[in-house]
Amino acid sequence: VSKVALALLAACFTLNASAEMTAAQYKQWAHADNNSIYAAYITGTINAFGWANGELVSKKKPALFCPPPNLAIGNQNVYPLLDTFFTNHPGLSDDFPIGLAILRSLQAAFPC
């Protein structure tokens, strides 16, 4: 039983390692279909960073980025930030993680 559990656990980590959306996937799909799995991935990543930011602020720790309080951050305003990020960093590999690109884009647009 423990060998089966260990094998399943290892399989889950293997799947997660390849589940990260890449720069190439963003460039190919992000603007083509706002109902795609890729748009949902970006939405989830934005939400996760929002929750992380809120948690940091509530614990009196520095925020990851500091948007205006009345700005709702979503795909519609992150896509242009990502486009600018990739334009300004043409040497990034196609497998650059989109989550890190989103974080860096938000940090550049909304420094604390």
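Colleague: With which residue does glutamate 55 form a salt bridge?

Modeller: Glutamate 55 forms a salt bridge with lysine 59, and the closest N and O atoms are 3.1 Å apart. A salt bridge here is a side-chain nitrogen of Lys or Arg within 4 Å of a carboxyl oxygen of Asp or Glu. Side chains of opposite charge can pair when their charged atoms come close.

Colleague: How many salt bridges does that rule give?

Modeller: The count comes to one salt bridge.

Colleague: Before we continue, what kind of model is this?

Modeller: This is a predicted model, in which local features need pLDDT of at least 70, side-chain atom pairs count only at pLDDT 80 or more, and totals for chains, interfaces and linings use all residues. Residues are numbered from 1 along each chain as its sequence is written, and side-chain values use heavy atoms, with hydrogens and water left out.

Colleague: Is glutamate 55 buried or exposed, or in between?

Modeller: Glutamate 55 is partly exposed, with a relative accessible area of 41%. Buried means under 20% relative accessible area, exposed means over 50%, and partly exposed lies in between (1.4 Å probe, protein chains only). Of the 112 residues of the protein, 27% count as buried.

Colleague: Now the overall fold: how many helices and strands are there?

Modeller: The protein has five helices and zero strands. Helices (H or I, at least four residues) and strands (E, at least two) are DSSP runs, numbered from the N terminus.

Colleague: How do H3 and H4 cross?

Modeller: Their axes come within 10 Å and cross at roughly 95 degrees, which makes H3 roughly perpendicular to H4. The axes are lines fitted to C-alpha atoms, for helices over the stretch in contact, and angles run from 0 to 180 degrees between N-to-C directions. Angles under 35 degrees count as roughly parallel, over 145 as roughly antiparallel, 65 to 115 as roughly perpendicular and the rest as oblique.

Colleague: And what about H4 and H5?

Modeller: The axes of helix H4 (residues 75-88) and helix H5 (residues 98-109) come within 9 Å and cross at roughly 100 degrees. H4 is therefore roughly perpendicular to H5. The contact (heavy atoms within 4.5 Å) includes Val78 and Leu82 of H4 and Ile102 and Leu106 of H5.

Colleague: Where is valine 78 found, and what does it touch?

Modeller: Valine 78 is found in helix H4 and is buried, with a relative accessible area of 1%. Leaving aside neighbours within four places in sequence, valine 78 is in contact with Ile46, Ile73, Ile102 and Leu106. Valine 78 and leucine 106 are 28 residues apart in sequence, and their C-alpha atoms are 7.7 Å apart in space.

Colleague: Let us change topic. What does the side chain of asparagine 53 reach?

Modeller: The side chain of asparagine 53 reaches the backbone nitrogen of leucine 64 at 2.6 Å. Asparagine 53 lies in helix H3 (residues 37-58) and is buried, with a relative accessible area of 8%. Not counting residues up to four places away in sequence, asparagine 53 touches Ala63, Leu64, Phe65 and Pro67.

Colleague: Where is phenylalanine 65, then?

Modeller: Phenylalanine 65 is found in the loop between H3 and H4. At 4% relative accessibility, phenylalanine 65 counts as buried. Beyond its neighbours within four places in sequence, phenylalanine 65 is in contact with residues including Phe49, Asn53, Leu106 and Phe110.

Definitions and conventions
A polar contact is a pair of N or O atoms within 3.5 Å; within protein, one must be able to donate a hydrogen and the other to accept it, and residues adjacent in sequence count only if both atoms are side-chain atoms.
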